[in-house]
Amino acid sequence: MSTSKISIPKFNLRDKFGDWWEGTTRNQRIIFRVLLIAFFYILPFLDNPVFGTTESDFSSVLFYPMGMYVLMAIGLNIVVGKSGILDLGYVAFFAIGAYTHAILGLSFGFNFWVNVVLGMAFAMFAGVLLGLPALRLRGDYLAIITLGFGEIVRIVAINVNFTGGAAGLAGIPAPPSIFGVEFLVDDPRPYYWLVLTLTLLVIWAYMRLIKRRPGRAWEAIREDEDVAEFMGIATTKYKLWAFVLGGAIGGGAGAVYASQVTSIVPELFDLNVSIMILACVVFGGMGNLWGVAFGAALLGYFPEKLRFLSDTRILFFGLLMVVMMNIRPDGIIPRKKREKVYDKNTGKEVSR
Amino acid sequence: MDFSIVVSEFASLFLDGIVVGAIYALVALGYTLVYGVLRLINFAHSEIFMLGTFACLGVTMLLGYTGYEEPIGIGLFLVTFILITVVAAVASGSAAMLLEVVAYRRLRRKGANRLSSLISAIGASFFLVELFRLLTDSKDWDFPRLLDKNSLFEVSSAYVTADKLVVLIGAFGLMFALDRIIQGTRLGRGIRAVSQDEKTAVLMGVDVDKVIAFTFLLGGVLAGVASAFYMLFYEATKFNVGFLLGISAFTAAVLGGIGNIRGALAGSFALGLIQQFSSAILGYNWRDVVTFLILVLVLLFKPTGLFGEAIQRARV
């Protein structure tokens, strides 16, 4: 991956916000965080014609695609954005999580909360199985292997019996009620809050992780794997961890998704899902959590908002991706903060 | 699991494998050429192929074929088919060049991240698929039967038909021509120079923009011709026809060592044969699983593909 030249656009949301954030006190930061989180929790009640979706139920759009995309994009960001492992088969983990809940919930009556954990465990196990041999490879070879893995999981789900074959599985149990909130088929709001809570937990864990050894190791591997290895970083170990943790988040997302839609078919888990989530990561700004979350929310939101264009919306969506990448190749909120450059003579800040 | 079919139908499976492999090869060459000069997977290449199949269909419609008439004689067929091939090649070739200008050129000049170009190409791919889904009404479109598909002669269990012969002769002719272009012309030398080292090529006076545009044109023309052969052999298309064929052709390119032209040919024929034999043994459903499993095994034990250069360490 070329790191020599990174073009930085003049207007930079990250810089503007970064400058403001540095000047705040501890209390201001806590208030800001609480307000932001509260805003996201009451978002389903804020359905209005301006930013709500007029043609489809706003709270169900908030759950899928928006919430789901954000959660999965954050997971994939650990793999692609942080560690530089191009994974084109992320949907496989999503499918494993979804089928774990569907099969264990239907056949053995396992509780949803148990299944989320098991789904994550199975996804991690699959990640180890694929990752141990595959992560020795790099770049496009790794990409094509992961792409193949995603397709294999889908085709196996079509061709074996315990997944219900091409017809899939129906009547997947909903989560049991928690804190008096019932999970009902016709009300997507509890599911949105569930995804939001999971996302916040993941963000919290992610923020702690990237400030410590694993995060620094991942960044070193992304920038130059050979140098990282010379510096004594166990590259294969950390790459495997990134792959497996990203997979676990995908698996958890899959279990939640299956519990909401109540019926799943293998065709839901095709290559387009992997590509869509990858697009979210790159569109938002690879390696920058907030950019990725914002980009995923936007990419989930646009096709629904553009529903008035009805059939042609994916057409405009494709066009938007091309134009967007041409204008801001590092994503909406880039990873790199613009370095401040000071003029030698005057000592004033100058733009590059 | 039925291994006896491999013995009894060996010649037939072998012939079909070679024919399918020849079509894969023409598409795989497009992937491998672009990878050679740009170190990028051209994700929209399968859509260039799809566009070609509809160009073929368009020509037959303009010529007034409805799909119900008798197959035409060999002389008239050759004229018609050459016309179809040329139109498809022009359509796909110009689309590929346009794609390079719209989706790649600006990003390349900015020195942007490789993944940004990938997303840009994916966007272009979405756009083309959706455009054709809307234009063609999401329907399956049948290509008229231009050539009598009765067996000309038999070799063991294989029925050699005229369409398979046309595909084989045409594809091999084109591969030979491509080899001459790459090895013997100025632009071909430019392609090889840029593939080896872009910066040095610039210093040696190679016009990189021109070479890259020419590479996309070559890849597009090959995909256009492949689409004409595909239509002759399979006689049907749909807006999403590019997806599975693109994955197979790309797999073939990787199998042979991506960036390596002769490797792509070998990989394509190997993949065509593997797919035919594995579908005969395990059933058609498992074809793609087998394809990918073999790909994974090859990459693990011979990561540079069958004939690849050691690019995976050099270019990450």
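**Notes on a predicted two-chain model**

1. Helix α4 of chain B covers residues 74-110, which is 37 residues, and from its first C-alpha to its last it reaches 52 Å, close to the 54 Å expected at 1.5 Å a residue. Please keep in mind throughout that this is a predicted model.

2. That end-to-end figure does not tell the whole story of the helix. At Y104(B), α4(B) bends by about 50 degrees. What follows the helix is G111(B), and the phi of G111(B) is positive, near 65 degrees.

3. Two other backbone angles in chain B are worth a look when you check the torsions. D137(B) has a phi near 70 degrees, a positive value in a residue other than glycine. S138(B) also has a positive phi, near 55 degrees, and again the residue is not a glycine. Where do they sit? D137(B) is found in the loop between α5 (114-135) and β1 (141-142) of chain B, and S138(B) lies in the loop between α5 and β1 of chain B.

4. Are D137(B) and S138(B) buried or exposed? D137(B) counts as exposed because it has 9 C-beta neighbours inside 10 Å, and the cut-off for exposed is 12 or fewer. S138(B) has 12 other C-beta atoms within 10 Å, so it is exposed too.

5. Turning to chain A, you will find 13 helices and two strands there. Of its 352 residues, 48% are buried. Among contacts in chain A between residues at least 6 apart in sequence, those joining residues at least 24 apart make up 77%.

6. Helix α5 (residues 112-134) and helix α10 (residues 235-261) of chain A pack at an angle of about 145 degrees, and their axes are 7 Å apart. The crossing of α5(A) and α10(A) is right-handed. Sorted by class, the residues in the contact of α5(A) with α10(A) are 15 nonpolar and ten polar, with no charged residues.

7. There is also a peptide bond to check by eye in chain A. The bond joining Y64(A) and P65(A) is cis, with omega about 10 degrees. P65(A) has its place in helix α3 (residues 58-82) of chain A.

8. Now for the contact between the chains. How many residues does each chain give to the contact? Chain A gives 38 residues and chain B gives 37 residues. On the side of chain A that touches chain B, the elements giving two or more residues are α6 (139-159), α11 (271-284) and α13 (313-327) of chain A. The largest share of that side, twelve residues, comes from α6(A). By class, the side of chain A that touches chain B holds 23 nonpolar, eight polar and seven charged residues.

9. V282(A) is a handy residue from which to view this region. V282(A) lies in helix α11 of chain A. Why does V282(A) count as buried? V282(A) has 30 C-beta neighbours inside 10 Å, and 20 or more is what the term requires, so V282(A) counts as buried.

10. The partners of V282(A) come from both chains. Leaving aside neighbours within four places in sequence, V282(A) is in contact with G331(A), and with L115(B), S116(B) and I119(B). There is also a C-alpha distance you can check: V282(A) and G295(A) are 13 residues apart along the chain, and their C-alpha atoms are separated by 8.1 Å.

Terms used:
Residues numbered from 1 in each chain as written. Chains lettered and ligands numbered in written order. Predicted model: local features only at pLDDT ≥ 70, side-chain atom pairs only at ≥ 80, totals over all residues. Contact = placed C-beta atoms within 7 Å. Helix = DSSP H or I, 4+ residues; strand = E, 2+ residues; numbered from the N terminus. Nonpolar A, V, L, I, M, F, W, Y, C, P; charged D, E, K, R; others polar. Axes fitted to C-alpha atoms, helices over the stretch in contact; angles between N-to-C directions. Left-handed = near helix turned anticlockwise from the far one by under 90°. Expected span 1.5 Å × (residues − 1). Bend = angle between axes of the 7 residues up to and from the residue.
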